[in-house]
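Subject: Structure handover

Hello,

Here is the structure for you to look through. My notes on it follow below.

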Amino acid sequence: MVELLADQSAADSQLLQGSLLIAKLDNPDIDVDAYVGRVDAMAAEIREDDDLRGQTTVQILARVINNLIGVASQTQDGESLHRYCGALIAVRPESIEARMLRSQVRAVTDRRSGAIEDLDWLIDQNLPGLDRDLAIRLRESLLPQESPK
C-alpha cells in the first residue's frame, strides 16, 4: 500500500487515505489490499470511459450548443437554429455535421446562397468522413434550375 500511495499525486494520495479510513471505520476487518485493488480498478475504468473523463472547454461548449440546437429543432425555431449552428461552427470549424446541418437550415430559411457556401466549403476541404458525393448532390439541388424553352 505504501508503494501505491507513493505513485499517486498528493491529492489522489489524500483521497485514497481518506477513503481507506472511512472503509476501516465501516468495517474494521476490511482487507486493505483488496480494497486498494477495487479502488485502482475503478480509477482505471474512469480513465478509460469517455463519459467519465473531464471535458475540455471546447467539448463543453459544443455540448451546450448541441443542446440548444436540439431545443430549437423541437420548437421549430429556424432563426435560433441558424444562430446555434453558426456558434457550433465557430467552436468546431472542422465539424462536417455542423456545416451540413447549417447548410440544411440555410436552405429551408431562404438562405440558399449560404447553404451552397457551406457545401462548397465542405467539398473543397474534403475532410475525412465526408460523403463528398452527397455534398455535391445537395449543392446541385440548391442551384437554380434552368427553365425549359
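**Two helix pairs**

Helices α6 and α7 are roughly antiparallel to each other, because their axes cross at an angle in the antiparallel range (angles under 35 degrees count as roughly parallel, over 145 as roughly antiparallel, 65 to 115 as roughly perpendicular and the rest as oblique). Their axes come within 7 Å and cross at roughly 160°. Axes here are lines fitted to C-alpha atoms, for helices over the stretch in contact, and angles run from 0 to 180 degrees between N-to-C directions. Helices are DSSP runs (H or I, at least four residues), numbered from the N terminus.

Please keep in mind that this is a predicted model, where local features need pLDDT of at least 70, side-chain atom pairs count only at pLDDT 80 or more, and totals for chains, interfaces and linings use all residues. Residues are numbered from 1 along each chain as its sequence is written, and side-chain values use heavy atoms, with hydrogens and water left out.

Back to the first pair. The crossing of α6 and α7 is left-handed (the near helix is turned anticlockwise from the far one by less than a right angle; clockwise would be right-handed). On the α6 side, the contact (heavy atoms within 4.5 Å) includes Ile96, Met100 and Ser103. On the α7 side, Ala115, Asp118, Leu119 and Leu122 are among the residues that take part. By type, the residues of this contact are 7 nonpolar, 2 polar and 6 charged. Ala, Val, Leu, Ile, Met, Phe, Trp, Tyr, Cys and Pro count as nonpolar, Asp, Glu, Lys and Arg as charged, and the others, Gly among them, as polar.

Look at Ser103 in α6. Ser103 is buried, with a relative accessible area of 4% (buried means under 20%, exposed over 50%, partly exposed in between, with a 1.4 Å probe and protein chains only). Leaving aside neighbours within four places in sequence, Ser103 is in contact with Ala115, Asp118 and Leu119.

Now the second pair. Helix α4 covers residues 57–74 and helix α5 covers residues 78–91. They pack at about 165°, with axes 9 Å apart. That makes α4 roughly antiparallel to α5. Their crossing is left-handed. Leu61, Ile65 and Leu68 of α4 are among the residues in contact, as are Leu81, Tyr84 and Leu88 of α5. This contact has 13 nonpolar residues, 3 polar and no charged.

**Cores**

Which residues form the largest nonpolar core? It has 11, including Ile96, Met100, Leu119, Leu130 and Leu142. A nonpolar core is a set of buried Ala, Val, Leu, Ile, Met, Phe, Trp, Tyr and Cys residues joined through side-chain atoms within 4.5 Å. Helices α6, α7 and α8 each give two or more residues to this core. The largest share, 5 residues, comes from α7. A second, separate core of 10 residues includes Ala62, Leu81, Leu88 and Val105.

**Single residues**

Gln59 lies in α4. Gln59 is partly exposed, at 30% relative accessibility. The C-alpha atoms of Gln59 and Arg92 are 9.1 Å apart, though 33 residues separate them along the chain.

Gln76 sits in the loop between α4 and α5. Its phi is near 55°, a positive value in a residue other than glycine. Gln76 is exposed, at 73% relative accessibility.

Asn126 is in the loop between α7 and α8. Its phi is near 45°, again positive in a residue other than glycine. Asn126 is partly exposed, at 44%.

Best wishes
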